[in-house]
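Please keep the sequence and structure at hand while reading.

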Amino acid sequence: MSALILDNGAYMAKIGYSREANPKFIPNCIMKAKSERRRPFIGDQIEECRDVSGLYYILCFQRGYLVNWDIQKTVWDYMFSSECCGVNYTENPLIITEPLFNFHSIQEAMSEIFFEEYEFERMFRTTAPDMCAFNYLSVGKKIVKPLACLIIDMGYSFTHIVPYIKGRKLKSAIRRIDVGGKVLTNHLKEILSYRQLNVMDESYVINQVKEDSCFVSQNFTEDMKVARKRHPDNSIIREYILPDFTTIRRGYLREMTHEEVDHQTLVLNNERFSIPELLFHPSDIGIQQMGVPEAVMDALTVCPPETLEHLLGNIVVCGGSAQYPGMETRLQREIRALAPEEYRVNVKIADKAASYAWHGGKKFSQESDFAKACVTREEFEEEGNRIIIDKKSSDCSSRAKLQDE
């Protein structure tokens, strides 16, 4: 029996069955285009849009939490339809992720929708960092399992640092930074609009520009010196060919040339590395918070001293913003500089970082005790949201006990 796994991200939902190798990536919003005002594009229907310039987004999430239920329900209807996944609500149990420290009112409403409106028979509600930790800690039987790990989840609205000790997260040590993919895209839009071309309405295209061209600097001061030089002495500067939605569907980066082209271009220089730098220095845009390396060390001050060796040796970075080139090397160097020298530091960017939580859910659905961890519709009708909270805490305790053994 295949479980349906839904990593319900604020920007991109990852959905698929446990029998499948990889999930589908579905934008978790409704979009409307200037060229086709009457038609709303739900999820990946945006691929059918002829011109995605000036898209109007209607988002389900604000500041990391689900607030627009009508839009979310519309997107879920599409995801569960035969056009996308084709769910059998009776046979397919559901694993769904929610934000850390989610509000009880949102949790209850979510449970009611899945049990009463969609009529799922069984559901397991969890968080993306929980599934990332499970994915990392559930290694093969022949390998010694890590006793602890530290998850850095670089999401759309926030970046979370979450320590796990013997399979259980230490809530008092969780740290949140108010910088994620949304802040990075918005800042790039502002810089480009001020310097070159008004792109404030081009969130979809500029998000692609960010993904295609940005990287993490290993030496910010030196890279700024290089960026001040003229081409060809400037090895950072690039041209980005913008899409015209007839011959070019998605833009692309190319070496700087002085040839005239028929397409509109952006010149990208220090923007390429100054945008991801916000994850290390949020104060650059007035967010008075620590960067990721400092937040990691601050989280570790709350953890038991005997766990530091295991946590620093098993740092896993996941989420869409973890995929910038150079992220692993920079985090490794900066955390190493801050950590006590007697401990080994090992930072690893997760394989398939954007869908790492989904793959953790896939592994969990194949565990022998998965059915016990799920809440049935009958249990929910009898005891309400309390049964989900009780089952989650007992599930964590049983996993911790397995780690001890």
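Which helix gives the most to the negative patch? Helix H13 does, with 4 residues.

## Basis of the model

The model is predicted, so that local features need pLDDT of at least 70 and side-chain atom pairs count only at pLDDT 80 or more, while totals for chains, interfaces and linings use all residues. Residues are numbered from 1 along each chain as its sequence is written, and side-chain values use heavy atoms, with hydrogens and water left out.

## The negative surface patch

Glu108, Glu112, Glu116, Glu119, Glu378, Glu381, Glu382 and Glu383 form a negative surface patch. Patch residues have over 30% relative accessible area and no salt bridge, and like charges are joined within 9 Å; a salt bridge here is a side-chain nitrogen of Lys or Arg within 4 Å of a carboxyl oxygen of Asp or Glu. Accessible areas come from the Shrake-Rupley method with a 1.4 Å probe, and the place of a Glu charge is taken as CD.

At least two residues of the patch come from each of helix H2 (104-117) and helix H13 (377-383), where helices are DSSP runs of H or I with at least four residues and strands are runs of E with at least two, numbered from the N terminus. Glu116 lies in helix H2 and counts as partly exposed because its relative accessibility is 47%, the class between buried (under 20%) and exposed (over 50%).

## Overall form

The protein contains 14 helices and 20 strands. Its radius of gyration, 22 Å, is close to the 22 Å that the globule rule gives for 405 residues, so the protein is as compact as a globular protein of that length; the radius is taken over C-alpha atoms, and the rule is 2.2 Å times the number of residues to the power 0.38. The C-alpha trace spans about 70 × 60 × 40 Å along its principal axes, and 56% of the 405 residues count as buried.

## Backbone features

Glu119, a member of the negative patch, is not a glycine but has a positive phi of about 60°. Glu119 is placed in the loop between H2 and strand S10 (122-127), and its relative accessibility of 43% makes it partly exposed. Lys166, also a residue other than glycine, has a positive phi near 55°; Lys166 sits in the loop between strand S12 (159-165) and strand S13 (168-169) and is partly exposed at 34% relative accessibility.

A cis peptide bond, with omega near 15°, leads from His231 to Pro232, and Pro232 belongs to the loop between helix H6 (220-227) and strand S15 (238-241).

How values were computed: Patches are made of residues with over 30% relative accessible area and no salt bridge: like charges are joined within 9 Å, nonpolar side chains (Val, Leu, Ile, Met, Phe, Trp, Tyr) within 5 Å. Lys and Arg count as positive and Asp and Glu as negative; His and the chain ends are not counted. Buried means under 20% relative accessible area, exposed over 50%, partly exposed in between (1.4 Å probe, protein chains only).
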